[in-house]
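Visitor: Before we look, I would like to ask on what grounds each description is given.
Guide: Then let us set the values against the criteria, one at a time.

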Amino acid sequence: MARILRSPLGWILLLLLAAAALPWWVSAYILGVLTVSYYFGVFAMAWDLLFGFAGEVNFGPTFLIGLGAYTAGILDNTMHWPILVCAASGALVATLGGLLLAVPALRLRGPYFGLVTLVAVLLLQNAIVIFAGVTGGEIGMNVADVLSIDAATNYWIGLGFMAVCGALLFGLSRSAIGLILQASGQDAIEAAALGFNVTKHKIAAFCVSALFSGLAGAMLVFYEGTASVDTVIDLAIVVQIIIAAVLGGRRTILGPAIGAILLVVGGEALRPLGQLNTFVVSAIALAVILFFPDGLLGHVLRRGERE
Amino acid sequence: MLALQILIDGFAISALYALGAVGFTLLFGVSGVLNLSHGAIVVVAALIGWAAASILGTYLGNLVGVLAALAAAYATYFAVVRPIQRSPAIPREETEIFVLTGTLLWSIMIQVGAAWWFTDNPVTIRPLIAGVVNIVGVRTPANEVMIAVLCWVVIGLLWLLVNRTRAGRALLAAAINPRGLVLLGFELDSIYLLVWTIYGVLAGIAGVLLASFLGVGTNNIGQLTASAFSIVVMGGLGSVSGSLVAAFVVGYLETLTAYLVAPTLRPVPALLLLVLVVYVRPQGLLGRR
Amino acid sequence: MNGKLLEVGGLHKRFGGLVAVKDIGFSIAAGEILGLIGPNGSGKSTVMKLIMGIERPNAGSVRVAGTEVAGWPTHRIARAGVGIVFQHSRPLHRQTVLENIKLAMLPDSLLRLAAAPHVEARAREIAERVGLAQVLHRHPPTLPFADLRRMELAKAIARDPQVVLIDEPFAGLTAAEVKAFSDLIASFRTQGRAVLLVDHNVKGVVALVDRVLAMYLGEHIAEGSAAQVMADATVRRVYLGGAIETHARPELDARGGKPLLDVQGVSVLYGKAQALQDVSLHVREQEFVSVVGLNGAGKTTLFNAICGLVPSSGAIAWQGAPLRGRSAAAIARGGIVQCPESRELFGEMSVRENLELGGQHLTPADRRSQLDWLFALFPILPQRERQAARTLSGGEQQMLAIARALMMKPRLLILDEPTLGLAPVILEQLSKALSELRRTTSITVLLGEQNVTFALPHADRVYVLEHARIVWEGDPARFAAEAGAGYL
Amino acid sequence: MSKPHLLRPALFAGAACLALAGVAQAQEPIRIGVIGEESAVAGASITKAAQMAADDINAKGGIAGRKVEVITYDNHSSAADGVRAFQRAVSQDHVVGVIATYISEVALAIEPWSARLHMPFITTGAASNEISKQVHKDYDHFKYTFHGWLTSAFIAQSICDAQHDLLVTGLHMKTAVIMSEDAAWTTPLDERYMDCLPKAGLQVLDHIRFNPDTTDFTPIFRQIEAKNPDVIVTGISHVGVQPTVQWRDQQVPIPMVGQSSQATTSTFWKDTNGAANGVVTASAATPGVALTETTIPFTEAYQKRFGDSPSYTGYTTYDAVHYLAEAVGRAGSNDPDKVVAEMEKTNYLGTVGRIQFYGKDDPFTHALKYGPGLVTGVTFQWQDGKQVTLWPADKANGKLQFPPFVKTQHAAN
């Protein structure tokens, strides 16, 4: 037992176990909030792979999420394929979309890359409204099938999904590719001088990020039963993802998931404040950025490094 | 006739876009800050101006609105941007993303706060001049003419300030080489304060004019920021004349689309053009590499 | 293939209108170490970047073991067998030293997620060889500077490159560390690698190199053994200038009393690198003091410390009062005006606008008279009055920079490396202007120079800065005899 | 029947049953979740009116001996937030029913959750036809959703009926251009307009849809003017202040009537600085007009308590709290299926008219029944800062009156 408590992996496993046991303790409502926060956790982790590791500020995670979500939703409504097939197709389309966006966009630096990804979101948003016939326009679209109607089942699916994605993304970040990405993010010239094709790795990172974002977007649609601009594309979601990642600690993969959970749960816990809960959550996030720029997990890790 | 209509209608909206974007680009050029709370500051001017106008009358109300934007700009600088720039814990190469995130959060706080206080209904400030005038057969609101003129007067004043005054020269010099300016005994802090002041006033004027021309509410904040950002990038980050050109390109493109294609597609061609410009000429229309 | 691992020929590189590298060619055989030297701005670093593919050459060929690689992307050149040690590097902070070295050995593949098993052993072996065995599991932010450099060296050789490029191998290292590094680099010779050392001057690399190639203003000026190059007339003129004359006024220092500027025990750290160590000097009213030293010795750092542009320890007093706590701009307004080696002109603004910004705080009348005086001192400037500063030639830009600094009516003018990258004929004009300045005004000047011939004629006193320390101080007339020999 | 909602439970439910229910659940209040949009005038009216309704019911002793307790939430005009608030209301706060939102997107996002969680749900402000169509398509699953405000189709019908009386009969107008924002809720609205305007006597010359993010309406007004119609019929909700102000500033000489959701709010006059003068829009009710006996008392009490007039959602929500609570009272339990069954039997005289719901065989299942004697909505015009009711004729308290720049005579020419 003592050994488990000493290793970070042990802690994570314990936390996951505790989280998995929650349905026996808390109400369906809290499970619902957590379920959503887990999907947001995946969004934030996928974003961190791109920003924290490859060093690219992507303002368009919801372009990828939205592609996945709407593809899955539309396929479900029109083709009536099984949910998993729809979700996988959504992830695939998101990856292709990511590739199309990344190949030219990665030539650009700094604010330009950010702007192109931002514009991608705005264009997708316009496209959804223009093609309201298939997409339902700005009021969104109900999908025919959902994962489950049982809150606990949904919760476990969400938790499991986040755990699996987290493990894959974290593993990837610690793998050879992750190291190379990190090196290219820090100093692209030096990474190239070590013999690494920086562009190839960044495109790959974009695709992986798109894959997970798209898949999580599709899963979220099949959890909520609706896809709308508001829930999967709007810039407010982008903001939330970026804040979650920075809050939790960029460059840590797991930190952003923690940040996302805190952000969603915090917003919900402050719901009694009514309108002002967003205000308070933003203010807290701003304070964290100002005073602990490494984020929560980053702060802990950095202290570890100093020792 | 249609061409004339497009010409006249596009002009006012373009001038307004230009006014909104000039401050944004000046701020970036001089201090390297991309202020994503831009839309929020513009809307603060509109809302406070509207509220004040009902008590103090239109002229004083507009003035209060501009002052409110100035205060909001100072708050952005002192409470968000400067602490981030000075934080020893933030690595230099990441200052940019932190400023972006910080101003974005700040923008949300303003938006939610303003919606809580004023509701999210758009508001309009009474036009300074009522009525319409006939310009070569096109019925145009006098207010629209006045706004176009006012925008250009303000832009002209800005040009005079930058090119004809000592403080303005220093501002321009800071955009080119801040270190050189320090060596000449200029405090960068006061230069930055000056540019934030100019920015605040410009955003404020844009805000009250927008409220008097089209009407504006907290729901427009994101769109306002995004449009300023895209115009500025299209024109070339930091290039004031580039922003003016880009503002007119976007303004006319939107008006043309609304007239000749379909009002539903209004924003789309400008977005596509922006993507094209960024890919083909990332430094923007008039930007230098 | 003729045994040459690296062959460079006819290399050209232009940046806009500026020709940075002009027809450079050389070759390095296996087991050979070539030193590429030249003062700042001579184009030596550009040559290195061209070889590595970080910049694309406009013309010329780069062959690695017989393969033409000019124009290839960097990563392919690296795979072709070229390794580089950058002067500044950004290691992975969250990974240990060992992991950082392993990084360099990873395959450039998206499918192989884990490193090959032999990598671990090899990384340890390399770490041991460069002297990192004790710190394998530490994180880079906790390492001393020398160990970070070792780690960079380890990364560069991890892939067993045939050609190794090293930028300023000894910058910021202590004497003992320099020795250890030299031994490491020398061992490349026995391993049969071709090594290119890039440095400011021969002195830094003399013990190590087989041959030296000297560059100036993008051009090849001398090649041969270290001794040959040091003795070369062109090289000596570039670094030292021609014959030395002196016109010291020792009576100024002899007056005693409180000096105008008093620097006591100042040290500066750049990250972990010691850029300035316990430097003390003083400048009296109306004196012309020269600080001579090679590029990289710490002159610019010293001046920046005085001007409040970099944080330093120690005490700096100006007119008897400490400068600590005052902003760089306040120091400048207080009368210490620096004309930096980078000139820092406002490129898009006209000559006149640049000058007017310098005279911003003067009354209009004062500004006009100051401007007239400067136009007389630098007759080329009124001719260029309306031209944008960036369109001026190097010499004109330098004169503008000095004039702009003088517009501020400084009590103390700090001139950093004014001869940088200038042709000899321009140097003469500049020298004349300085003489004129010294003769007609009572201005106090602190000049930093590598070019001794330029620095000494004007100087009342001289300091020699070497490796971040003051190593000699005295009358310019005694310089040649006491410090001149060891200078280059 | 001055207080119908107090008497009816006693009439419909047996006395014994009432007593039993009263005893069994005397301590437990009827909890109703109310999800509004606090930043929007229309959304804020929902929670305010709900609170008032609960207080009024409780002041009269509650329903079947049970107090009514309203728990309010803010969805920040976001579907995701709305769903979360709904879940919270159901699982955390154990409400018997939820009243929510004026935004169709939010209502449509909540609807499947109401089906999954078997929770009666009434939207009192959204307009989309889809809400009730969905119930019709899969009744057994979606039957928990009720549409407590007119659907887009009936709003259009109400407008056609009103404009027939006001413009065609009154001013001899013949032609119209439809101007509506490109949004999902306007699709069925426009469809019905296309169908019923000609029937009402107005030939549709053009049909212009525009981007809901539009801020500059000049090109749209120019395009309309070029067609030279007698009237502009609107379908706008995202926008409202902007087109109105520009209509006035540009002195567009054509009257603007139809549905302008922002124009139904009490602050519209101030928001537009009086540019609203002459604008005609449909709404649920207007202050000072007695659609039923309860309309005016409610409006006055609301104004007294909150300082402004209720939006259309205020009226519908005030009614919804009553008929939902009564349905729970009649059901005698919190069982959702029983509550739904009772809800379907609703016949309640509220502030906007007599409220009944269409049955499972009607295409608009669980939507408000439209028609004379039921709910028709009203049409009013902004005149000098006041909402003057023009239609239905028996409730009218003023006459159609346009600002000088609007030319209504050219219809006669």
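This is a predicted model: local features need pLDDT of at least 70, side-chain atom pairs count only at pLDDT 80 or more; totals for chains, interfaces and linings use all residues.

Visitor: How do you know what share of chain D counts as buried?
Guide: A residue is called buried if 20 or more other C-beta atoms lie within 10 Å of its own, and 64% of the 413 residues of chain D count as buried.

Visitor: Which domains is chain D divided into, and how many residues does the contact take from each?
Guide: The automatic or database assignment gives domain 1 (4-149 + 289-355) and domain 2 (153-283 + 377-411), whose centres, taken over C-alpha atoms, are separated by 31 Å. With contact meaning C-beta atoms within 7 Å, 12 residues come from domain 1 of chain D and 15 residues from domain 2 of chain D.

Visitor: How many residues does each chain give to the contact of chain B with chain D, and what classes are found on the side of chain B?
Guide: Chain B gives 29 residues and chain D gives 32 residues. Helix H1 (2-31), helix H4 (95-118), strand E2 (138-141) and helix H10 (240-261) of chain B each give two or more residues to the side that touches chain D, and the residues of that side divide into 14 nonpolar, 10 polar and 5 charged.

Methods. Residues are numbered from 1 along each chain as its sequence is written. Chains are lettered from A and ligands numbered from 1 in the order in which they are written. Two residues are in contact if their C-beta atoms, placed from the backbone, lie within 7 Å. Helices (H or I, at least four residues) and strands (E, at least two) are DSSP runs, numbered from the N terminus. Ala, Val, Leu, Ile, Met, Phe, Trp, Tyr, Cys and Pro count as nonpolar, Asp, Glu, Lys and Arg as charged, and the others, Gly among them, as polar. A residue is buried if 20 or more other C-beta atoms lie within 10 Å of its own, exposed if 12 or fewer, and partly exposed in between; C-beta atoms are placed from the backbone.
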